[in-house]
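Hi,

Here is the structure for your files. My notes follow below it.

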Amino acid sequence: MAKMGRHRAKTYLVSGALALLMSGLVTTQGHASPDTKTDIAALDYIGSVELRPERGELSAGWTILIHDASLDKIRFSLSSSFGTAAVKGPDILQMTSQLAPDELRRIYHITLRPSETDVPRMVRFAYGGPLQLPPINRLDARKVELTVDGGWYPYEPDMMGRLTAQVGVQILGDWTALVTETVEALGSGYRIRQTKPAFDIAMSWLRDPVITKMDRYTIYDQRTEPGTKIPELKASLKDCRATFETMIGPLPDAAVMVTDRAYEAYSRGTLISLMDIENETDESLFKIVCHELSHHWSTASPGGPDDWINEGLAEYMALMAVRDRFGETAYQAYLTEFETALLGEDVPPIWTEQSVERTPYLASYRAAPLALAELEILMGQAEFLAFLQSIFSDGVGTTPALLDRLEQMAGSEIRKAFQEQLTI
């Protein structure tokens, strides 16, 4: 479970955005300290961040260690609201940057010297200033909620390498910190550790949330009028967990935030953020919770063409849980709703061998669940469930690998039929 707690941040002055504020995080050679990880990811982020919520600003410095010896070219994406970051490192042969087409991100294209030893290569970023965020993120005097969606740290857009991280954080005042693994108070701030490879560095800092503890979950209600639907949320968490643990396997304990957002939720496994649930029915709240809990098993790259596996499976598993909890009629009503959403829309294929971009919303959240519903009919519920258990237990995260596993378990004809559903 994510380690949470209330801490009082001490006054700490940052000597410029270029500074690596926590001297213990990086040795003089730029290697991670010996206790920073239990596993090796393709990218290891070691950084320091100063948050200035009352001004909507942050400053950050990162040393990114690249453990993948075959990776000679890499690109990073960072919010363009910072302007152009300072990018340095002894392993950089060439670096260029340009605004993304939507102008919300600046893309840094880096050519690295070829790897000649087992020592990871290094890229350093430094930047600071106001941060313009999408609705799902916040940086103000009442709440800080940062994920990869806000582009607050330099990330590899294809998510080709899962990352680990150790981050020193400076933030003034009393806050409740929520992270995906551990946070500890230090004399000069906090240290966040992520030792398990993941695709995001997510953190939230809350002012006086209303906290509700239950078995396996802690709910943090950050709404201006907290309390509404919390009993129903507790019931949904309990019931959906029981359904999935019977269906697939164990789920981790988690922190669950309830926010004032009108829409959008997300999950980072042990850290789940929900929209305002005040107007949700018992059924719709249960479906939302199940979707987010099921992301514990998501392993596809969220930045590329296999993202339909993450979102399509999460949405369909939520429908399976609805069928188990509320019955066939409720399940069929959602399938009809999804079909209606696609009528008259120019929906691209869910996936093709030529796909390179992230799967669009309607393809991932509507067309993919409908294709999975057809696959379940073809295979039968028991065999389909065994298929899910197989791909989740082995961390199957690409479409070709998923199709190969399907053929192994159900035969070439069913593989062909499902692949046609993906590519039409």
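Thr-147 touches Asn-137, Trp-152, Asp-200, Ile-201, Ala-202, Tyr-266 and Arg-268, leaving out residues up to four places away in sequence; contact means heavy atoms within 4.5 Å. This is a predicted model: local features need pLDDT of at least 70, side-chain atom pairs count only at pLDDT 80 or more, and totals for chains, interfaces and linings use all residues. Residues are numbered from 1 along each chain as its sequence is written, and side-chain values use heavy atoms, without hydrogens and water.

Thr-147 sits in the loop between strand E10 (143-146) and strand E11 (163-170). Strands are DSSP runs of E, at least two residues; helices are runs of H or I, at least four; both are numbered from the N terminus. Thr-147 is buried, at 0% relative accessible area (buried means under 20%, with a 1.4 Å probe and protein chains only). Its side chain makes a polar contact with the side chain of Asn-137 (3.2 Å). That term means a pair of N or O atoms within 3.5 Å, one able to donate a hydrogen and the other to accept it; residues adjacent in sequence count only if both atoms are side-chain atoms.

Now the cavities. The whole structure holds 3 of 30 Å³ or more. A cavity is a set of points on a 1 Å grid over the protein atoms alone where a 1.4 Å probe fits but cannot get out; lining residues have an atom within 4 Å of a point. The largest has about 70 Å³ of space, and helix H3 (307-326) and helix H6 (381-393) each give two or more residues to its lining. H3 gives the most, with 5 residues. The second largest cavity has a volume of about 40 Å³. Volume here is the space filled by probe spheres set on the points, which are joined across faces, edges and corners.

Best wishes

Methods:
1 Å grid on protein atoms, 1.4 Å probe; cavity = no way out; pocket = protein on both sides within 12 Å on 5 of 7 lines; lining within 4 Å. Buried < 20%, exposed > 50% of the residue type's maximum accessible area, 1.4 Å probe, protein only.
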